[in-house]
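Let's go through this one in question-and-answer form, with the cut-offs spelled out along the way.

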Amino acid sequence: PQQLLARSGAQGAAPGALLLADGQAAGLAAPHTLTLLQPVTVTLQTDAGARTLITAAPTVGAALWQAGLLVFLGDTVSPALDTPLTAGQTITVRSARPVTLLLDGGELRTLTGQTTVAGLLAEMGVALVGEDTARPGPDEALPAAGRVEVVRVREEFVVEEEPLDYDTLTQLTPEAEIDQRIVLQPGQRGGTAKRYRVRLENGVETSRQFETEWTAREPSAQII
């Protein structure tokens, strides 16, 4: 291989360089297209900290494989595994950890390499609509306990009626004896309607705000 490189005018391989024949590490018994990949220095950032790699791997994924770092389902790798490797690059690998998402009355358990609540929700395809929120908040870091609750928020108007007492009027009649009370007209209660704006979180009322009121029914006086 060194003779072939010399004939082609290529510079000598640095320590750690990788010689590929037709894209694969192979012998030279038959004609091949040779590719010399010079090693580059990159930084590998993992949950355990940062370290330096000197590698001639062509891609991020190949560099991780050479470094003996296995990537599992749910792990987050940035840049992507198929990204060509360049000098000075920083590769970040976040190992997945178990989380529980409380959503619409149920629980979803999964593994994630995300670091924020918003990242977890996006990864799981959960949208916060309108006033919806999450506990902890979307911009906060995933909690150590790994439990996140999606809070569905809606508002509705509630009208409640309160009784309105009637008045009692006294009317003298010749038919009534002294100290005798005769109900000439029974009274009827009226009603006052009050409208409230009610906030519900996951179906549970958390607050209500008075909006307005009006007389729904006028009371009818009692005459005796």
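Q: Where is Phe-72 placed?
A: Helices here are DSSP runs of H or I with at least four residues, and strands are E runs of at least two, both numbered from the N terminus. On that count, Phe-72 sits in the loop between helix H2 (60-66) and strand S5 (76-78).

Q: What are the ground rules for this model?
A: It's a predicted model, where local features need pLDDT of at least 70 and side-chain atom pairs pLDDT 80 or more, while totals for chains, interfaces and linings use all residues. Residues are numbered from 1 along each chain as its sequence is written, and side-chain values use heavy atoms, leaving out hydrogens and water.

Q: Is Phe-72 buried or exposed?
A: Buried means under 20% relative accessible area, exposed over 50%, and partly exposed in between (1.4 Å probe, protein chains only). Phe-72 has 54%, so the call is exposed.

Q: Is Asp-132 buried or exposed?
A: Asp-132 is in the loop between helix H3 (117-123) and strand S9 (133-135). Its relative accessible area is 13%, so Asp-132 counts as buried.

Q: Which residue's backbone nitrogen does the Asp-132 side chain reach?
A: The distance is 2.8 Å, and the backbone nitrogen belongs to Val-153.

Definitions and conventions. Polar contact = N/O pair within 3.5 Å; in protein donor to acceptor, adjacent residues only side chain to side chain.
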